[in-house]
Amino acid sequence: MWTEYQTRLDIETSELRALLSAALAGDELEVQDITRLLSVRGSDVSIVIRAADELRERLVGNIVTYVKNRNLNFTNICTGSCRFCAFRRSLDAPDAYVLSEAQIRTKVREARDVGATEVCVQGGLHPDFGLQDYIKLLHIIREVAPQIHIHAFSPAEIDHICKQEGMEVSEVLTELRNAGLDSMPGTAAEILVDRVRALICPEKISAKRWIEIIRTAHELGIPTTATVLYGTVERPPELAQHLQIIRRIQRDTGGFTEFVPLAFIPFRTHLFATGIHHPPSLSYSLLVHAVARLVFAELIPNIQASWVKLGPDGASLMLRAGANDLGGTLMEEHITRATGGTRTSMSESQLRHLIVRSGRIPKQRTTLYGILD
Ligand code: SF4
């Protein structure tokens with residue numbers, strides 16, 4: 001974690017102000033600059049946050065968006081072993097589950113009936129699931145809610161299907177797109193640096209593979225989100241490198257709709273047992289959101305604060321540090337709850353109230369950031 005980062009990069013406040021002025025003037029921040037911003041302490045954190053807030057206002061104004069959606073975690077059975085995860089279960093675990101077709105239909109119907117515009121579908125890497133199972137899932141959703149946007153399957157799941165079937169990424173994505181897939185969550189990115197992945201998710205897809213799958217999706221016209229998991233063992237230069245990788249992809253493809261910083265919640269995870277007992281500090285969360293805003297600027301104009309990870313009050317604080325979106329209503333959330341998260345859904349009125357209380361203008365959006373209000 002950054003607090004353990006021994007070779008701290010000291011930065012004079014005057015140098016910091018010059019760096020931020022350059023960023024606000026449109027200069028691209030190099031990895032070394034980003035590392036410096038992620039290394040500031042004390043009152044300098046507020047200076048970075050203020051600059052990010054200024055850039056947010058200039059780029060996207062005072063509107064804060066949200067999407068009415070439903071999470072659908074169709075199985076928690078997973079062959080993975082990510083050390084930050086408390087959601088996965090083995091095939092024979094007493095609380096392992098696979099949603100039945102009837103349960104999926106009911107959940108999608110409920111989402112449709114409350115006016116959700118999106119279902120967000122993710123699950124464990126089930127050892128018996130192949131391409132046809134994923135296609136069937138898409139067909140069921142389409143049948144129940146023909147108009148709903150299907151935001152589904154992380155790059156880790158796409159890789160899983162490729163391995164199960166012996167198929168290329170582009171072949172799998174084309175099949176899924178033809179079956180109704182509209183966009184993909186850019187989860188499973190964690191930190192796109194091998195040292196960190198070796199410590200927190202050694203068996204997960206490599207950084208190279210994540211990039212390959214995301215680039216292929218974008219080439220095929222499937223937009224994705226971009227994420228980062230922060231607060232585990234990463235150091236500032238590694239987080240900076242992650243942001244640079246995302247920025248490069250976006251410059252080439254334009255396929256990212258938003259960037260979502262995800263705070264690590266350690267409870268009940270393997271990493272807790274190795275000594276990480278606390279989620280990242282508020283100060284670090286503010287800095288990560290602010291630096292993301294400064295790095296991505298107009299390239300990725302939407303920075304999402306996750307109320308699932310930070311709680312509603314924490315997420316609303318991120319709105320002062322460059323964020324302009326609060327994500328979805330979800331209706332149910334299982335992945336973070338497994339690690340000790342307490343909120344599993346937010347009603348539309350709760351989200352709107354939170355936004356208004358933060359002095360901003362709430363607007364419902366589509367998955368792809370079309371304004372619906
Ligand atoms: S994060 Fe996903 S892939 Fe990793 S163990 Fe958990 S469910 Fe499996």
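Trainee: Why is Met-331 called buried?

Mentor: The rule is a count: a residue is buried if 20 or more other C-beta atoms lie within 10 Å of its own, exposed if 12 or fewer, and partly exposed in between, with C-beta atoms placed from the backbone. Met-331 has 21 other C-beta atoms within 10 Å, so it is buried. Before we go on, keep in mind that this is a predicted model, in which local features need pLDDT of at least 70, side-chain atom pairs count only at pLDDT 80 or more, and totals for chains, interfaces and linings use all residues. Residues are numbered from 1 along each chain as its sequence is written.

Trainee: Where is Met-331 placed, and what is its phi?

Mentor: Met-331 sits in the loop between strand 7 and helix 14. Helices (H or I, at least four residues) and strands (E, at least two) are DSSP runs, numbered from the N terminus. The phi of Met-331 is positive, near 70°, and Met-331 is not a glycine. Most residues other than glycine have a negative phi.

Trainee: Which phi does Ala-188 have?

Mentor: Ala-188 is not a glycine, yet its phi is positive, about 70°. You will find Ala-188 in the loop between helix 7 (169-178) and helix 8 (194-200). With 24 other C-beta atoms within 10 Å, Ala-188 is also buried.

Trainee: How do you know how far to trust the model?

Mentor: Look at pLDDT, the predictor's confidence in each residue, from 0 to 100. The chain averages 95, and 96% of the residues score at least 70. Over residues 1-8, however, pLDDT stays under 50, and the model has 9 contacts beyond four places in sequence for them. Where pLDDT is low, the predicted coordinates should not be read in detail.

Trainee: Which members touch the most others in the largest nonpolar core?

Mentor: They are Val-48, Val-291 and Leu-294, in a core of 113 residues. A nonpolar core is a set of buried Ala, Val, Leu, Ile, Met, Phe, Trp, Tyr and Cys residues joined through C-beta atoms within 7 Å. Helix 12 (residues 282-296) gives the largest share of this core, 9 residues. Not counting residues up to four places away in sequence, Leu-294 touches Ala-23, Leu-29, Leu-37, Ala-51, Ala-52 and Leu-55.

Trainee: What makes Leu-286 count as buried?

Mentor: Leu-286, found in helix 12, has 23 C-beta neighbours inside 10 Å, and therefore counts as buried.

Trainee: And why does Thr-224 count as buried?

Mentor: Thr-224 has 25 C-beta neighbours inside 10 Å, so it passes the cut-off too. Thr-224 belongs to strand 5 (residues 224-230).

Trainee: Which residues are around the ligand?

Mentor: They are Cys-78, Gly-80, Ser-81, Cys-82, Cys-85, Phe-87, Arg-88, Gly-124, Leu-125 and Ala-156. A residue is near a molecule if its C-beta atom, placed from the backbone, lies within 6 Å of it.

Trainee: How many of this shell are nonpolar, polar and charged?

Mentor: The shell divides into 6 nonpolar, 3 polar and 1 charged. Ala, Val, Leu, Ile, Met, Phe, Trp, Tyr, Cys and Pro count as nonpolar, Asp, Glu, Lys and Arg as charged, and the others, Gly among them, as polar.

Conventions. Two residues are in contact if their C-beta atoms, placed from the backbone, lie within 7 Å.
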